[in-house]
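Have a go at each task before reading its solution.

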Amino acid sequence: MIKTVETAAKRPYTGEPILTPLLGAVKSKGVLLMAVAAILIAGSVISPYFLTSRNISSIVLTIAVLSVVAVGQFLVIVTAGIDLSVGATTALTTVMTAVLLRDGLPVAAVIVISIAVSSAVGLLNGLLVVYGRITPFIATLGMTSVVQGVAFLVQNGTLVPINNDGFVSIFAGTIGPFRSEVIIFVVVTLAAAALMRWSIFGRRLYALGGNPQAARLSGLPVNRDIITAYLLSGMLAGLAGLMLAAQLRSGNSLLGSELALNSIAAAVVGGASLFGGTSTPLAAVFGGLLIGTISNILDLISMPVQGQLLIKGALILVAVYFTSGAGLSLRQRIRDTWKNRRNKPGASRSPRALGPEAQGELQPLKR
């Protein structure tokens with residue numbers, strides 16, 4: 001087992017075409033894509049405003065921010081961890097960005113400082129988990145309160161407007177026919193997919209999530225990789241904060257309150273197991289597409305926030321069930337039954353139809 005983990009973590013790049021794993025990931029998530037298609041059809045039936053260009057644009061921009069956070073959340077979940085502080089980190093980034101721009105700092109400096117602070121939050125989460133020996137849920141939950149408190153102090157009351165058009169054009173402008181947010185989230189998704197598919201670091205994360213003890217005994221840098229995963233999660237939450245601040249042209253310590261739940265839901269619905277070691281960043285983006293579309297439909301029909309939380313919570317529970325524990329056994333039984341029916345087309349015929357020889361073979365099975 002140790003050799004298997006070590007080999008998987010250090011396996012060199014085989015030179016396969018870039019589109020091959022991408023198409024394979026899309027094919028493997030056929031059920032998820034069918035669910036997205038079903039939700040799109042349902043949305044068009046439920047509300048006449050669903051398929052309007054304005055609403056579609058709103059969905060895409062919302063999904064872009066959510067997908068960036070969901071990719072970072074996936075990197076943590078694949079190690080069997082969780083990051084509840086991403087929403088608070090995003091809110092802190094919007095407030096810091098607005099305050100620094102108001103004080104006249106150059107846009108480049110503001111971006112660097114904001115990303116550095118959000119990365120520091122992720123780094124602290126990783127250090128608490130690894131060296132503080134605090135469970136990820138408790139460590140990141142406590143960090144959520146700390147970061148929210150800092151965001152309230154920095155904001156100091158009212159919303160902080162953003163009037164810097166240069167900053168807005170970078171994170172909420174257009175590049176040719178495409179919005180900046182869409183380009184950013186596509187680049188982040190492809191970079192994360194390449195990282196998990198071809199880099200040694202990505203293979204180590206899968207090995208760590210699949211069997212932490214074997215990964216440690218194999219000599220893999222488990223502590224360093226866990227810390228790096230949380231650092232990347234914080235960094236991507238900060239990037240999402242920059243996008244959100246540019247979209248809304250303000251900094252608000254209350255923004256991003258739903259991002260933690262939605263990012264976890266996106267990763268889990270995409271197939272990531274909370275026990276670690278499974279799924280891909282692309283699947284997390286597909287999950288984000290599903291979650292974002294459902295949220296948009298619920299908003300169109302004016303469903304109260306309580307109802308939306310109920311539906312999202314139920315969706316997470318169902319997804320967790322089918323990606324771990326008894327759900328995995330049920331999925332395996334369904335898959336085996338389906339394969340047996342396909343591979344043995346004559347199994348449903350009666351013994352009389354099989355002839356004397358086959359009947360003789362079946363006799364010992366009757367007791």
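**Exercise 1. Which residues does Phe-167 contact beyond its neighbours within four places in sequence?**

Step 1. Phe-167 is in contact with Thr-97, Leu-101, Val-107, Ile-162, Leu-242, Ala-245 and Ala-246, once neighbours within four places in sequence are set aside. Contact here means heavy atoms within 4.5 Å.

Step 2. Now place Phe-167 in the largest nonpolar core, which has 62 residues. Such a core is a set of buried Ala, Val, Leu, Ile, Met, Phe, Trp, Tyr and Cys residues joined through side-chain atoms within 4.5 Å. Buried means under 20% relative accessible area, exposed over 50%, and partly exposed in between, with a 1.4 Å probe and protein chains only.

Step 3. Val-68, Ile-162, Phe-167, Phe-171, Leu-239 and Met-243 touch the most other members of this core. As background, nonpolar side chains in soluble globular proteins tend to be buried together.

**Exercise 2. Work out how far the model can be trusted, and where.**

Step 1. This is a predicted model, in which local features need pLDDT of at least 70 and side-chain atom pairs count only at pLDDT 80 or more, while totals for chains, interfaces and linings use all residues. Residues are numbered from 1 along each chain as its sequence is written, and side-chain values use heavy atoms, with hydrogens and water left out.

Step 2. The protein has a mean pLDDT of 83, and 80% of its residues reach 70 or more. pLDDT is the predictor's confidence in each residue, from 0 to 100.

Step 3. Confidence is highest in H6, at 96, and lowest in helix H17 (residues 351-362), at a mean of 46. Helices (H or I, at least four residues) and strands (E, at least two) are DSSP runs, numbered from the N terminus.

Step 4. Two stretches stay under 50: residues 1-8, with 11 contacts beyond four places in sequence, and residues 347-367, with six such contacts.

**Exercise 3. Describe the overall make-up of the protein.**

Step 1. The protein has 17 helices and four strands.

Step 2. Of its 367 residues, 45% are buried.

Step 3. Among contacts between residues at least 6 apart in sequence, 76% join residues at least 24 apart.

**Exercise 4. Which helix gives the most to the lining of the second largest pocket?**

Step 1. Start with the volume: about 620 Å³ of space lies in the second largest pocket. On a 1 Å grid over the protein atoms alone, a pocket is an open set of points where a 1.4 Å probe fits, with protein on both sides within 12 Å along at least five of seven lines, and lining residues have an atom within 4 Å of a point. Grid points are joined across faces, edges and corners, and the volume is the space filled by probe spheres set on them.

Step 2. Of the 23 lining residues, Thr-62, Leu-244, Glu-258, Leu-259 and Asn-262 are the closest to the centre of the second largest pocket.

Step 3. At least two lining residues come from each of helix H4 (53-77), helix H12 (222-248), helix H13 (259-269), helix H14 (281-300) and helix H15 (305-323). H4 gives the most, with seven residues.

Step 4. Asn-262 lies in helix H13 and is buried, because its relative accessible area is 9%. Beyond four places in sequence, Asn-262 touches Leu-66, Ile-291 and Lys-312.

**Exercise 5. Is Val-129 buried or exposed?**

Step 1. Find Val-129 in helix H6 (residues 107-130).

Step 2. Val-129 has 16% relative accessibility, so it counts as buried.

Step 3. Leaving out residues up to four places away in sequence, Val-129 touches Ile-134, Pro-136, Ala-139, Ile-226 and Tyr-230.
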